[in-house]
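Here is a short report for a reader meeting this structure for the first time. Please look over the sequence and the model, then read on.

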Amino acid sequence: MIKKENLKQAIDAISARNPETGYSLNEMLGTGQIDVTPQLENASQTDDFHFLFDREKVSINKFLYFNEGIAPIEQGMLIKYGELVKKQEVLNRENSFNYMKAAEEIRDAGLKYMVTHEIDFALARLKKRHGILETNARHPNLEHPGMENTPGSGKLISFLGKLKLDNETLEIPGKGDDPAVLYKGVVNADTPSYFICFPFCMDSLMQVAAMNLEFFHVRFLLNCLIQGLEKNLFICMVDRKILGLIYLTLKEQLFYKGLEIKFVATLRGKADNQTESSTRVFKGVGTFLVSGVWMLWKTQVPKVREIFLDSEIGAMGFYEAIGFQSRRLSQYALRTPKGQLVKAILIMANNSRDLGGRVIGEICAVMEKQIKGLRKKAKNEKQRSARKAVIASVKESLKSRTHPELAETTLSMLRKYRDKITESEELIQFATQYPPLQDSIR
């Protein structure tokens, strides 16, 4: 529950960075334009908390509030304040205007106002750190605990300054050979999607601000950037829209190296998320993101033993269905993919030319294990559903033209267990549609 004292704390934090905005917000709090929602509404078991801004309900993600304190309240206030300023500007225009266009303009102005404020806050932190580093350089005997010597701070300050002036929309990656694209796959069965590093620009930060996701918020992203952790952030992007984010860390101990999925969140079309992308729900974004992580593991950090994560209770079923196994309380590890994850990996592999024999060999081994599992008959609905996922992966493998070894391995396994797999003849016949296998089948 959000209390009035929390609203006051958020306004004080904003005032310390932007006195003019803080003064206006304080006036609004004093006149009741900013207020808490009625207790009965606040006590409801929804995914969000709320407060009122100019009689409009503002959603605050519960998870962010419990973990980040007043930061999400600050950001919600700044968005609404930016909208209010723009709304007054639009209403003062003498010429007539398009109401839908004006609404979009007001919405974007609020998001940009908040993101700009957060960039200024990040700049202040970075400049302070950069100043300490320069002082230490002039006086080698001075030390600052926990402060790393970051030679790129000056360039980063310049980048953040330019970021505030960025008015370009998030670019659509080119074809699969575009260096910005790590992997290309699909969501919603056939919608092209891209697995890329988080692209720091005004549009991407505004999109994240509008999404109101768990774990990921603008201050967190900018903290990653100024701490040199931006390469740990990846997104699923479809047609200029960010549909999900994932944050990775590398855990190293004596004789152990693991790749941890620290945070992952996807856009699910929340009712209170009035963004253009929220009007359409995309399926398979979580699986797509995990498949991208699996490909990163095999191509860039092959010495890692496993992918692991701490799962919330509500997500356990999803992770178990794609191959994660419980290791201890709430922790899950992935070594061999299964279910929809296998198909997602195959699609990414078929869109990647330079994977190398070792990675292709690992994917072939996954397919061999999947096909062996088809020898058992499904006895219940859960097993029948899992079997359908394997069949879909087999078909995807048989279609492989980029890496014919995948199709050849799959076909060889189908022939080997021809008498034990009910669908083997149908799948072998399916393979005849694809030129690379026609000669092998004959």
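## A residue in helix α6

This is a predicted model. Start with V115, which sits in helix α6, residues 99–138. V115 has 0% relative accessibility, so it counts as buried.

Which residues does V115 touch, leaving aside neighbours within four places in sequence? The contacts are M202, L205, M206, A209 and V218. Take M202 from that list: it lies 87 residues from V115 in sequence. In space, the C-alpha atoms of V115 and M202 are 7.6 Å apart.

## The chain and its confidence

The protein chain has 442 residues, and 47% of them count as buried. It contains 17 helices and 11 strands. Consider the contacts between residues at least 6 apart in sequence: 63% of these join residues at least 24 apart.

The mean pLDDT of the chain is 87. A value of 70 or more is reached by 86% of the residues. Residues 139–149 have pLDDT below 50, and this stretch has 10 contacts in the model beyond near neighbours in sequence. Residues 269–279 also stay under 50. For that stretch the model has 19 contacts beyond four places in sequence. Where pLDDT is low, the predicted coordinates should not be read in detail.

## Helices α8 and α9

Helix α8 covers residues 202–211, and helix α9 covers residues 218–226. They pack at an angle of about 140 degrees, with axes 9 Å apart. Angles over 145 degrees would count as roughly antiparallel.

L205, V208 and A209 of α8 make the contact with V218, L221 and L222 of α9. By class, these are 6 nonpolar residues, with no polar and no charged ones.

## Helices α1 and α2

Helix α1 runs over residues 4–17, and helix α2 over residues 19–30. What angle do α1 and α2 make as they pack? The angle is about 160 degrees, and the axes are 6 Å apart. The two helices are therefore roughly antiparallel. Their crossing is left-handed.

On the α1 side, the contact uses K4, L7, K8, I11, D12, I14, S15 and R17. On the α2 side, it uses P19, T21, G22, Y23, L25, N26 and L29. This contact of α1 with α2 has 7 nonpolar, 4 polar and 4 charged residues. An α-helix has 3.6 residues a turn, so residues three or four places apart point the same way.

Another residue of helix α1 is N6. Is N6 buried or exposed? Its relative accessibility is 10%, so N6 counts as buried. Beyond four places in sequence, N6 is in contact with M1, Y65, I70 and I73.

## Helices α10 and α12

Helix α10 spans residues 285–300, and helix α12 spans residues 340–350. They pack at an angle of about 60 degrees, with axes 9 Å apart. That angle makes α10 oblique to α12. The crossing of these two helices is right-handed.

From α10, the contact takes in T287, F288, V290, S291, G292, W294 and M295. From α12, it takes in Q340, L341, A344, I345, M348 and A349. The contact of α10 with α12 has 9 nonpolar and 4 polar residues, and no charged ones.

How many of the 11 residues of α12 are buried? The count is 9, so α12 is largely enclosed by the rest of the structure. The buried residues are L341, V342, A344, I345, L346, I347, M348, A349 and N350.

## Two loop residues with positive phi

A189 lies in the loop between β4 (183–187) and β5 (191–197). Its phi is near 75 degrees, a positive value in a residue other than glycine. A189 is exposed, with a relative accessible area of 69%.

F255 lies in the loop between β7 (241–253) and β8 (256–266). Its phi is positive, at about 65 degrees, although F255 is not a glycine. With 72% relative accessibility, F255 counts as exposed.

How values were computed
Residues are numbered from 1 along each chain as its sequence is written. This is a predicted model: local features need pLDDT of at least 70, side-chain atom pairs count only at pLDDT 80 or more; totals for chains, interfaces and linings use all residues. Side-chain values use heavy atoms; hydrogens and water are left out. pLDDT is the predictor's confidence in each residue, from 0 to 100. Contact means heavy atoms within 4.5 Å. Helices (H or I, at least four residues) and strands (E, at least two) are DSSP runs, numbered from the N terminus. Buried means under 20% relative accessible area, exposed over 50%, partly exposed in between (1.4 Å probe, protein chains only). Axes are lines fitted to C-alpha atoms, for helices over the stretch in contact, and angles run from 0 to 180 degrees between N-to-C directions. Angles under 35 degrees count as roughly parallel, over 145 as roughly antiparallel, 65 to 115 as roughly perpendicular and the rest as oblique. A crossing is left-handed if the near helix is turned anticlockwise from the far one by less than a right angle, and right-handed if clockwise. Ala, Val, Leu, Ile, Met, Phe, Trp, Tyr, Cys and Pro count as nonpolar, Asp, Glu, Lys and Arg as charged, and the others, Gly among them, as polar.
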